[in-house]
Each structure stands twice: as C-alpha cells, then as structure tokens.
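User: Take one part of this model and look at it closely, ring by ring and contact by contact. Keep it brisk, and give the cut-offs as you go.

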Amino acid sequence: MAVTKIRKISSWTLLASAIISIIVLAMFVSGGVIDLGADMKEPVHTNLLLNWVYILFGLTTISTLVFAVWQFAGSFKDDAKAALMSLGVIVVFAAILLIAYAIGDPTPLPMINAESADYNTASWLKITDMWIYSIYILIGLIVLAVIAGSVKKILNK
C-alpha cells in the first residue's frame, strides 16, 4: 500500500515539475530579447529560467539531505555497520572535495572582462577547480566500478 502511494506521489511530482519546466523553457525560448541592438542578446525571461533552476536545485538538495538522514536513521536501527558504511561514503566524498579544493589553482585568469572580474579571485577559482577535479575523480571511480563489476560477473560464471 505504501509503495503505491510513494509511486503516485513521485509520479505526480515528476509530471508537475516537467510541465512547469517545459512552460518556463518555452517562455525563455520564445519570449524575445530585451535589446535587439545589443552585441550579446539577453532573452526576456532569463530571470524566470534561472529562478526555476534555483528552485529545482534547492528542492532537490533539501530532499536528498532529508531522505539521506531518514534512511541513515532507519538503517542504523536495523544494521549499524551498514549505516556507518554509508556514512563513510559521505566522509570519503567530503575528503575528495577538500583535496580537490586544496590542489586548485588560485592564479587569476588574464584578460577577463569587467563583468567576470568579480569571480576572478583565488577562492572562486579554487572552487571551480574543486568541482572540475571532483567530476574527473567521480567519473574515474564510475569507470572503475563498471570494470570491477564486469570482471566480478565474468569470474563468478
């Protein structure tokens, strides 16, 4: 009974967010531009699109954290070792982010326009490098997991 309720809620949530996203994207694409004579044309509904993306990102982040804590608390009652292993994954991910931030290059970029100069600081550059390096590391770990899973499957035959 609970599974069907969860499935219905998630289906309706997905449908509502998809419909709103399609409407916002259609408004962004077909809304025209603010100044036709400008070198870089800015669509009229840019703020609407950005705000919708921020809302989706915020809701996704909050729901992920809430459900992760909920799952951790529930699994800690049943199997404390498995719960601590899942907590270990989060600690390893945080360590990856910290190491990637530490190795980031804080050297300012040359020839940046005035609008981008606010973000040409050591902290923003290190944060950008952190995300790029962590993406590389996670892609590498995914490839290793796929290879290890395939080898394990072959050896178990």
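Analyst: Start with Leu84, which is partly exposed at a relative accessible area of 46% (buried is under 20%, exposed over 50%, partly exposed in between; 1.4 Å probe, protein chains only). The model is predicted: local features need pLDDT of at least 70, side-chain atom pairs count only at pLDDT 80 or more, and totals for chains, interfaces and linings use all residues. Residues are numbered from 1 along each chain as its sequence is written, and side-chain values use heavy atoms, with hydrogens and water left out.

Leu84 sits in helix 3 (helices are DSSP runs of H or I, at least four residues, numbered from the N terminus). Residues up to four places away in sequence aside, Leu84 touches Phe72 and Phe76 (contact means heavy atoms within 4.5 Å). Leu84 and Phe72 are 12 residues apart along the chain, and 8.4 Å separates their C-alpha atoms.

Those two phenylalanines bring in the rings. The whole structure holds 3 aromatic pairs (Phe, Tyr and Trp rings, the six-membered one for Trp, with centres within 6.5 Å; planes under 30 degrees apart are stacked, over 60 edge-to-face, the rest tilted). Phe72 and Phe76 make a tilted pair, with 5.7 Å between centres and 35° between planes. Both belong to helix 2 (residues 46–78), 4 residues apart, about one turn of the helix. An α-helix has 3.6 residues a turn, so residues three or four places apart point the same way. Phe72 is partly exposed at 28% relative accessibility. Phe76 is also partly exposed, with a relative accessible area of 41%.

Tyr119 and Trp124 form a further pair: centres 5.4 Å apart and planes at 75°, so this one is edge-to-face. Tyr119 is exposed, at a relative accessible area of 51%. Trp124 is partly exposed at 41%.

Back to helix 3. This helix (residues 80–102) has 23 residues and reaches 33 Å from first C-alpha to last, close to the 33 Å expected at 1.5 Å a residue (the expected span is 1.5 Å times one less than the number of residues). Its buried residues include Ala83, Ile96, Leu97 and Ala100. Their cover includes helix 2 and helix 4.

Helix 4 (residues 122–155) holds Lys126. The charged end of Lys126 sits over the ring of Tyr101, 5.1 Å from the ring centre (NZ of Lys or CZ of Arg within 6 Å of the centre and within 35 degrees of the ring normal). Lys126 is buried yet has no salt bridge (a side-chain nitrogen of Lys or Arg within 4 Å of a carboxyl oxygen of Asp or Glu). The nearest side chain of opposite charge is Asp129, 7.4 Å away (Lys and Arg count as positive, Asp and Glu as negative; His and the chain ends are not counted). Beyond its neighbours within four places in sequence, Lys126 contacts Tyr101, Ala102, Gly104, Asp105 and Pro106.

Pro106 lies in the loop between helix 3 and helix 4. Pro106 is partly exposed, at 36%. With residues up to four places away left out, Pro106 touches Ala122, Leu125 and Lys126.

Tyr133 is also in helix 4. Tyr133 is partly exposed, at 29%.

Conventions: Helices (H or I, at least four residues) and strands (E, at least two) are DSSP runs, numbered from the N terminus.
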